[in-house]
Amino acid sequence: MTRSYSNKINISLFILLFINFIFSVKYLSRYTSYYLIISLFIVLIQVLIVKKIDFIFNLLKKAKIKPIYLLIFSSIILLLIASKVPIESLKVDRWSVITSFWDNYFSNQYVYFAKSFDGNYPGPMPFYFVLFLPFYFLNEYSYITVIGLLLFYLILNQQSVSEKSKNLYVYLISSSLYVLWECISRSNIFFNGTLILFVTLYFLNFDNSKRAILYKGILIGLVLSTRNVYIIVFAIATLYSLLNKKYQTIELFKIGCITIFTFALTFLPFVYNHLVDFLTMNPFIIQSSALMPSSLSFFCIIISIFIAFSVKSKEDVIFYSGIMLFLTILLYFGYTIFITDFETTFFKSKADISYFILCVPFLYYYYFKN
């Protein structure tokens, strides 16, 4: 194992532990003055799990306990805990944004004029809401997190990741407060990120048949119609493929055209008869005003393009995608701290800490795959 390779694995683990630490600090601070000590203890437990994974794995292997059983058990516990927290009592309005969007749609009102209980407009792109339509009908969004965890496990399975690594995945997500937070708050960022990871890996299998090019263009167009920050991932993947001649230029052009057409098509059902409203209020306007100024977002995309020249393998695409998503949200936090202060930004939620989860599936995958 080269030093560079080892460093990337360690960086992935460090960021994953860091995200769990800041989630623990923020939310435990609301319940105890010992939040810092407890948060450090939780991270220490995770470090011990990583260090002693061989011992733990051998014990469970002797007991014939497979990681999928542990994951299902953890998922049931998460759903039971979430069921004890009424959806109406939550201050996080991600579920309410979805509900208000579809309420407007089914009452023939313009969807991007909808407001959550907290007064927020729906920022994500249209396909994001299509994905969660079944949960709107169920009036329960906690299942999304569990589905995301299971989908990630299936990706590890499909990529022939070792049983030991899959065990470690289950232990780390079970001891990560942000996973519990996602389920209780009915958030969906881990699920979204895992879906993007799946499509990215499909793009990187370099099947250049006509059917595969069509499917890839459609899938990329659909998943980009969730959150525009994911353009960073596909910018890195596309440039890697072009520079390393994994696809011919004409093939990438075809995928790009299909992607743009599919992306535009997802807006049609929601913009039809509301063109003037769309020009007044749309997800591009909402996301640019809710997060960073457009200039900073553009800066992150440019940096991603430069980073693509350092990418040497498919695994590097995933690693640098995770790193850039992490740095983008870190920049967003830094910008918010600059215009306000740390207390307001972090503890009073001026900036949304949950966006750090955007990078988690990518760094998890890189860490467990290697």
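Contact means heavy atoms within 4.5 Å. The model is predicted: local features need pLDDT of at least 70, side-chain atom pairs count only at pLDDT 80 or more, and totals for chains, interfaces and linings use all residues. Numbering starts from 1 along each chain as its sequence is written, and side-chain values use heavy atoms, without hydrogens and water.

**View 1. Helix H2 (residues 35-51) against helix H9 (residues 163-174).** Helices are DSSP runs (H or I, at least four residues), numbered from the N terminus. The two axes come within 10 Å and cross at roughly 175°. Axes are lines fitted to C-alpha atoms over the stretch in contact, with angles from 0 to 180 degrees between N-to-C directions. H2 and H9 are therefore roughly antiparallel (an angle over 145 degrees). Gln46, Ile49 and Val50 of H2 meet Leu168, Tyr171 and Leu172 of H9.

**View 2. Helix H8 (residues 143-158) and its buried residues.** H8 has 16 residues and reaches 22 Å from first C-alpha to last, close to the 22 Å expected at 1.5 Å a residue (1.5 Å times one less than the number of residues). Buried residues (under 20% relative accessible area, 1.4 Å probe, protein chains only) include Ile144, Val146, Leu151 and Ile155. The buried residues of H8 pack against helices including H4 (67-83), H7 (133-138) and H21 (360-369). Just after H8, Ser160 takes a positive phi of about 55°.

**View 3. H8 packed on H9.** The angle is about 160°, with axes 11 Å apart. H8 and H9 are therefore roughly antiparallel. Leu149, Phe152, Tyr153, Leu156 and Asn157 of H8 meet Lys166, Tyr169 and Ile173 of H9.

Conventions. Helix = DSSP H or I, 4+ residues; strand = E, 2+ residues; numbered from the N terminus. Parallel < 35°, antiparallel > 145°, perpendicular 65-115°, else oblique. Buried < 20%, exposed > 50% of the residue type's maximum accessible area, 1.4 Å probe, protein only.
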